[in-house]
There are 2 protein chains.
Amino acid sequence: MSRGTNLPAVGGFNQAVILDLIRHHPDGLSRVEMAELTGLVPQTISNAAKKLLDDGLIREGGKRIHGRGKPRMLLELVPRSRFAVGVHLDPTVTTYVVLDLQGEIVAHRRTRTPSVADPEKVVAAMAESIASIIEESEVDPARVYGVGIVAPGPVDLERGIVVDPPLLEGWRNVPLRDALAVATGMPVVMDKDVNAAVVAELWMTGAGERNFAFFYLGTGIGIGLAIGGDVVRGSTGNAGDGGTLVVPAQNLPRRRRSEMLGHLATPQYLVDQAVDEGVLEAAPDPHDLAAVDDAFSALVDKATSGDPDAVRILDRAAEFIAAALVSVINLLDVDEIIFGGPAWGRLSERIRLKIAALVSGSPNLFAHQPVRMTDTSVGEDVAAIGAACLVLETRLSPRPSTLLITT
Amino acid sequence: MSRGTNLPAVGGFNQAVILDLIRHHPDGLSRVEMAELTGLVPQTISNAAKKLLDDGLIREGGKRIHGRGKPRMLLELVPRSRFAVGVHLDPTVTTYVVLDLQGEIVAHRRTRTPSVADPEKVVAAMAESIASIIEESEVDPARVYGVGIVAPGPVDLERGIVVDPPLLEGWRNVPLRDALAVATGMPVVMDKDVNAAVVAELWMTGAGERNFAFFYLGTGIGIGLAIGGDVVRGSTGNAGDGGTLVVPAQNLPRRRRSEMLGHLATPQYLVDQAVDEGVLEAAPDPHDLAAVDDAFSALVDKATSGDPDAVRILDRAAEFIAAALVSVINLLDVDEIIFGGPAWGRLSERIRLKIAALVSGSPNLFAHQPVRMTDTSVGEDVAAIGAACLVLETRLSPRPSTLLITT
């Protein structure tokens, strides 16, 4: 229950603080500047920096002239000193990345996600992909901290199990984390895809005390959350399901499965609508996710070229998404909405500004604070990158909770 | 941005850890037991305990025999060593409490909430009530840490302003916190009512790593949140608004203002429904909140005595509340729902179990984790008590974030 803190914990924490600071100052920082920024005394800074220098995570770079004093030695990150592998298991494709400390992708690979007839075979194939992407990246395997694997929920994070994601055929109670650790010989951490996207955003662009919702559009819809600069995982690691948020019934199309966001704004649903309304000709087999994805692209293309029915379908999706986001903003008082996920990139240009206008103009917004609404700067592979960030963060992030002694 | 930690911060933190531990062990704890529970070394425990003993917050109590060793001295809380005042400004009544360290109410008072024609007068009257409730409690004013004041949102916590609560007539941009600090000569902290209810729950029954939603039924509806044992206030302190969550349109009564929870399950709305459906005879003046409250009591009484129309109205409210809670559970993966607030006590016996059954039986629940659903153990004055807890927590709570140096 209550846990205290002590000096070894403090030492490690301060190292992490220094590393974090250096990581976010690509031009380097002097020890004096670090003392000013952290409130730590110079001796503490020097001790922490020495350990990081010894470990090769940072190096002395140029010097900075500051007033009349003697030029100050700058410390900077050694981006290629450590790496992490990220794997994103999506119903359609599986993405592998090798990430360096700076968050740059060193190697990248995509494969079709297999349905699981034989879990052992799947795990063996994944381990092989991991080994070969590390090899391809020409990175010293000893410098790879480990593997992050992320999957759609529900997940069982305590036991490292992919429980039963609606669209991942055969993936039922697969103990992916531990099996992958055995198969790769590396430490493996697991998370839910949408929450890994939040981790990516925090790691890459800075955590601070940020409060945001990450609207994640993949095969399904997730709404990941950061509160006070930390990802919200909830009691079982399954936070972030935004698909059951209900939207107002006005403007609902006649044929619909329910009033839930997850049935009204996914690529599959939008394609169904387009077929119903004659915008697309043939309905793709809903089990052929690649075909659904192609049809979704075709729908967006039609809207882009001005087809009024296609435009209307996407505009309606924007209304549903905006309505759900207003509820989320009121509940959590977030001041940023970040959009991303594999299917979002194609939609963004068509509906992001519309969503933003609908949200900020909503008479239902409670606190009237301005809400920034932007696309993720991390890109389409945000979940895979988040999986790798998860590993880096576990090892290197200065979170106050790491100050507590584990009894 | 990044902040480090140092020894003075660690010392204060460990004292807070020890105090928290003792507070939750009413039978006392020995220093050895504390070392076991916290992972701190005996010397650190002794130092922290000495400071708390010197300050009179704890005392040496009995001894506990443990095996063959010499009996161990127990340390226990001195509940009446420090106090805090809590004030809850509700549209209907204003509640004042004086709370001791153990969370016991030492003095209690209710007054009608005035509409604000002259803010200065209102603040002067509040300060007078605070002075007189402290006097009545026979508590040494020097032992009162300060005042917590909570109000319906929207609030501006940074500036300590009650912005413009829908039902508080004339309360528009009143700088209540600072005015009250001047008028009382005491430190004043402010919060939104529903979030203070969360603080009360955490302080009184233990924070741990709890994730819960607090369904707060007052004049309006709030859904306060605790994530990882900490209250969620959001970017501007206005988190906790659950009134704009949309509920499914099926089962909606014909006459309704919208599909939002805040228009479907408040006392005012339920009374309107009851009048519409002939359960209650005369509609109370909606501006006379006391009359609305009486009519609400009459409706619940009718349901209790078996009036089928009254039962149906409340059952429908249960359905709306359950639907909204399912969305919240899916979004945040909380495993506890706590119910409370001034209007909840009357409804609980009629609908809590029904809500619980609807939530746990919902086909839309994402993670299938069991969710505990209970009434708050803090009682009807949960927001006023929370206001006082806010003061105690600010002074005494061991939160890792307090370890960070403020630069």
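Modeller: What follows is a set of questions about terms, each answered by setting a value against its definition.

Modeller: This is a predicted model, in which local features need pLDDT of at least 70 and side-chain atom pairs count only at pLDDT 80 or more, while totals for chains, interfaces and linings use all residues. Residues are numbered from 1 along each chain as its sequence is written, and chains are lettered from A and ligands numbered from 1 in the order in which they are written.

Colleague: Why is B:Leu101 counted as buried?

Modeller: A residue is buried if 20 or more other C-beta atoms, placed from the backbone, lie within 10 Å of its own, exposed if 12 or fewer, and partly exposed in between. B:Leu101 has 22 C-beta neighbours inside 10 Å and therefore counts as buried. This residue sits in the loop between strand 5 (93–100) and strand 6 (105–112) of chain B, where helices (H or I, at least four residues) and strands (E, at least two) are DSSP runs numbered from the N terminus.

Colleague: What is B:Leu101 in contact with, apart from its neighbours within four places in sequence?

Modeller: Two residues are in contact if their C-beta atoms, placed from the backbone, lie within 7 Å. On that basis B:Leu101 is in contact with B:Arg23, B:Leu77, B:Pro79, B:Ser81, B:Arg82 and B:Leu392. One of these, B:Leu77, is 24 residues from B:Leu101 along the chain, with 8.1 Å between their C-alpha atoms.

Colleague: Is B:His287 buried or exposed, and how do you know?

Modeller: B:His287 has 10 other C-beta atoms within 10 Å, so the residue is exposed. B:His287 belongs to the loop between helix 7 (267–276) and helix 8 (289–304) of chain B.

Colleague: How many residues of helix 7 of chain B are buried, and what covers them?

Modeller: Seven of the ten residues of helix 7 of chain B are buried, and the helix is mostly covered. Among the buried ones are B:Leu270, B:Val271 and B:Ala274, and the cover includes helix 8 and helix 9 (308–332) of chain B. Just after helix 7 of chain B, B:Gly278 takes a positive phi of about 75 degrees.

Colleague: What makes a set of residues a nonpolar core, and which residues have the most contacts inside the largest one?

Modeller: A nonpolar core is a set of buried Ala, Val, Leu, Ile, Met, Phe, Trp, Tyr and Cys residues joined through C-beta atoms within 7 Å. The largest has 274 residues, and A:Leu299 and B:Leu299 have the most contacts inside it. Residues up to four places away in sequence aside, B:Leu299 touches B:Leu270, B:Val271, B:Ala274, B:Val279, B:Leu280, B:Ala310 and B:Ile313.

Colleague: Why is strand 7 of chain B called largely enclosed?

Modeller: Seven of the eight residues of strand 7 (residues 144–151) of chain B are buried, so the strand is largely enclosed by the rest of the structure.

Colleague: How do you know which strands pair with strand 7 of chain B?

Modeller: Two strands pair if DSSP finds at least two bridges between them. Five bridges join strand 4 (residues 83–89) of chain B to strand 7 of chain B in the parallel sense, and strand 7 of chain B also pairs in parallel with strand 10 (residues 188–192) of chain B over five bridges. B:Ile149 is the bridge partner of B:Val87, and B:Ile149 also stands opposite B:Met190 in strand 10 of chain B.
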